Amino acid sequence: MSGPHVIRGSVLLPEAELMWRFSRSGGPGGQHVNTTDSQVELRFDLANTEALPEVWKRRALERLAPRLVDGVVSVRASEHRSQWRNREMAATRLAALLAEATAPPPKPRRATKIPRGINERRLRNKKQRSDTKRGRSGQGWT
């Protein structure tokens with residue numbers, strides 16, 4: 001995996017700030033299985049990066065606080081048998097995670113008044129349902 005990874009817009013993650021670690025993938029297997037270091041762990045120092053705008057960095061640090069260890073976010077990938085594909089998967093996951101964490105907050109919902117017709121219809125349906133159930137009780141059949 002070479003070259004910068006796009007987070008959002010023109011903001012890129014430079015390859016120099018990514019720390020890669022490889023290990024053997026777990027799981028079942030037999031002879032000559034899981035002997036390659038195909039599991040990938042990608043680490044990114046979010047607290048000390050210069051690649052993100054300051055506003056994005058603050059937002060990401062706040063939103064990813066439970067995932068961070070000393071300001072570093074880490075992503076693992078071991079689905080594929082190929083280390084290369086796992087590297088691509090980890091980089092994609094990290095970029096998606098940072099894109100989501102740096103996204104601006106949604107606009108606040110504007111409160112609106114419930115139309116009177118909707119409320120009346122709901123109460124009318126409740127009354128019909130109540131009458132239907134009361135009619136099933138069998139009282140007054142003597």
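Visitor: Does Arg24 count as buried, partly exposed or exposed, and at what relative accessibility, which is to say: what is the class of Arg24?
Guide: Please note that this is a predicted model. Arg24 lies in the loop between E3 and E4. A residue counts as exposed over 50% relative accessible area. Arg24 has 54% relative accessibility, so its class is exposed.

Visitor: How far apart are the C-alpha atoms of Arg24 and Ser38?
Guide: Along the chain, Arg24 and Ser38 are 14 residues apart.

Visitor: What pattern does the chain follow when it is read along the sequence?
Guide: The secondary structure comprises three helices and five strands. Placed in sequence order, these elements give the pattern β-β-β-β-α-β-α-α.

Visitor: Which element has the highest mean pLDDT?
Guide: For the chain, the mean pLDDT is 84, and 88% of the residues reach 70 or more. Among the elements, strand E1 (residues 5–8) has the lowest mean, 77. The highest mean, 94, belongs to helix H3 (residues 116–135).

Visitor: Which element gives the most residues to the largest nonpolar core?
Guide: This core has 24 residues, of which Ile7, Phe44, Leu46, Leu94 and Leu98 touch the most other members. At least two residues come from each of several elements, including strand E4 (39–45), helix H1 (54–63) and helix H2 (83–101). The element that gives the most, with seven residues, is H2.

Visitor: Is Phe44 buried or exposed?
Guide: Phe44 is part of strand E4. Buried means under 20% relative accessible area. The value for Phe44 is 0%, and therefore Phe44 is buried.

Visitor: How far apart in space are Phe44 and Leu18, C-alpha to C-alpha?
Guide: Leaving aside residues up to four places away in sequence, Phe44 touches several residues, among them Leu18, Val73, Leu94 and Leu98. Phe44 and Leu18 are 26 residues apart in sequence. From C-alpha to C-alpha, their distance in space is 5.3 Å.

Visitor: What percentage of the contacts between residues at least 6 apart in sequence join residues at least 24 apart?
Guide: The pair Phe44 and Leu18, at 26 residues apart in sequence, is one example of a separation of this kind. For the chain, among contacts between residues at least 6 apart, the share joining residues at least 24 apart is 60%.

Visitor: Where is Asp70 found?
Guide: Asp70 is not a glycine, although its phi is positive, at about 55°. With 76% relative accessibility, Asp70 counts as exposed. Its place is the loop between H1 and E5.

Visitor: At what relative accessibility does Glu88 count as partly exposed, that is, what is its value?
Guide: Glu88 is found in helix H2. Its C-alpha atom is separated by 8.9 Å from that of Ala77, eleven residues apart along the chain. The relative accessibility of Glu88 is 32%.

Visitor: What percentage of the residues of the chain count as buried?
Guide: The accessible surface of the chain comes to about 10500 Å², and 52% of this belongs to carbon and sulfur atoms. Of the 142 residues, the share that counts as buried is 27%.

How values were computed: Residues numbered from 1 in each chain as written. Predicted model: local features only at pLDDT ≥ 70, side-chain atom pairs only at ≥ 80, totals over all residues. Heavy atoms only, no water. Helix = DSSP H or I, 4+ residues; strand = E, 2+ residues; numbered from the N terminus. Buried < 20%, exposed > 50% of the residue type's maximum accessible area, 1.4 Å probe, protein only. Contact = heavy atoms within 4.5 Å. Areas by Shrake-Rupley, 256 points an atom, 1.4 Å probe, with all protein chains shown as cover. Core = buried A, V, L, I, M, F, W, Y, C linked by side-chain atoms within 4.5 Å. pLDDT = per-residue confidence, 0-100.
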